[in-house]
Amino acid sequence: MLGESAGMLAWTNGKNYIALDRKYLREQFREGLTGVIRVCSVIAHEYCHPDCSDDPDVHTHGLDFYERFHNVILSEQYAGMLSYVAVKAYTGMVKQAVKANISLGRRHEHSDRLANELEAVE
Ligand SMILES: [Zn+2]
């Protein structure tokens, strides 16, 4: 889900939702595939906080957190999620921009070709 925060990129209650800051998400999508992959990493980070509450002061990074994060990042499920979500989000963004005739800027001048190549690999 999306929300707005004055200082957090993302947050969770550790039970049934992970929220991303709308402004952060917009900024990351401007970075293209690099930003999409960064968002996936932030989601993995939040996923590793099963003991969080809605109170941001409860947010801790103890040894248990780092062990979970390590295991998640190295898991096949994460690699599968990352490749699927990152490619889908990136290619979707590029296709929508091309369809709407919106320039993604000089940084993304080859993004339509890259999006097609990534989709072909899937
Ligand atoms: Zn955290």
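**View 1. Helix H1 lies across strands E1 and E3.** In this predicted model, helix H1 runs at about 70° to E3. Helix H1 covers residues 22-30, and strand E3 covers residues 18-21. Strand E1 is made of residues 2-3. H1 is also part of what covers the buried residues of helix H2.

**View 2. Three strands form an open sheet in the order E1-E3-E2.** The pairing in this sheet is mixed. Strands E1 and E2 are the edge strands, since each pairs on one side only. E1 pairs with E3 in the parallel sense, over 2 bridges. Within this pair, Leu 2 stands opposite Leu 20 in E3, and Gly 3 stands opposite Asp 21 in E3. E2 pairs with E3 in the antiparallel sense, over 3 bridges. Here Thr 12 stands opposite Ile 18 in E3. In a regular strand, side chains alternate between the two faces of the sheet.

**View 3. Strands E2 and E3 form a hairpin.** Between the two strands there are 5 residues. One of the residues in the turn, Gly 14, has a positive phi of about 75°. Lys 15 also lies in the loop between E2 and E3. Is Lys 15 buried or exposed? Lys 15 counts as exposed because it has 10 C-beta neighbours inside 10 Å, and a residue with 12 or fewer is exposed. Lys 15 and Tyr 47 are 32 residues apart in sequence, and their C-alpha atoms are 9.1 Å apart in space.

**View 4. Helix H2 lies across strands E2 and E3.** The helix runs at about 25° to E2. H2 is formed by residues 33-47, 15 residues in all. From its first C-alpha to its last H2 reaches 21 Å, close to the 21 Å expected at 1.5 Å a residue. Which residues of H2 are buried? They are Leu 33, Gly 35, Val 36, Val 39 and Glu 46. These residues are on the same side of H2 because they cover an arc of only 160° around the axis. What covers them includes strands E2 and E3 together with helices H1 and H4.

View 5. Val 36 is one of the buried residues of H2. Val 36 is also a member of the largest nonpolar core.

**View 6. The largest nonpolar core has 7 residues.** Its members are Leu 20, Leu 33, Val 36, Val 39, Tyr 90, Met 93 and Val 94. Which helices each supply at least two residues of this core? They are H2 and H4. In the chain as a whole, buried residues make up 14% of the 122 residues.

**View 7. Helix H4 has four residues listed as buried: Tyr 90, Thr 91, Met 93 and Val 94.** H4 spans residues 76-99 and has 24 residues. The distance from its first C-alpha to its last is 34 Å, close to the 34 Å expected at 1.5 Å a residue. Tyr 90 is found in this helix. Why does Tyr 90 count as buried? Tyr 90 counts as buried because it has 22 C-beta neighbours inside 10 Å, and 20 or more are needed. The C-alpha atoms of Tyr 90 and Thr 34 are separated by 9.4 Å, although the two residues are 56 apart along the chain. Just after H4, Asn 101 takes a positive phi of about 55°.

**View 8. Glu 67 has its place in helix H3.** This helix is made of residues 63-73. Glu 67 is exposed, with 11 other C-beta atoms within 10 Å. Glu 67 and Cys 48 are 19 residues apart in sequence, while their C-alpha atoms are 9.0 Å apart in space.

**View 9. The whole chain holds 5 helices and 3 strands.** From the N terminus on, the elements run β-β-β-α-α-α-α-α. Among contacts between residues at least 6 apart in sequence, 52% join residues at least 24 apart.

Notes:
Residues numbered from 1 in each chain as written. Predicted model: local features only at pLDDT ≥ 70, side-chain atom pairs only at ≥ 80, totals over all residues. Contact = placed C-beta atoms within 7 Å. Expected span 1.5 Å × (residues − 1). Arc of directions from axis to C-beta. Pairing = 2+ DSSP bridges. Axes fitted to C-alpha atoms, helices over the stretch in contact; angles between N-to-C directions. Core = buried A, V, L, I, M, F, W, Y, C linked by C-beta atoms within 7 Å.
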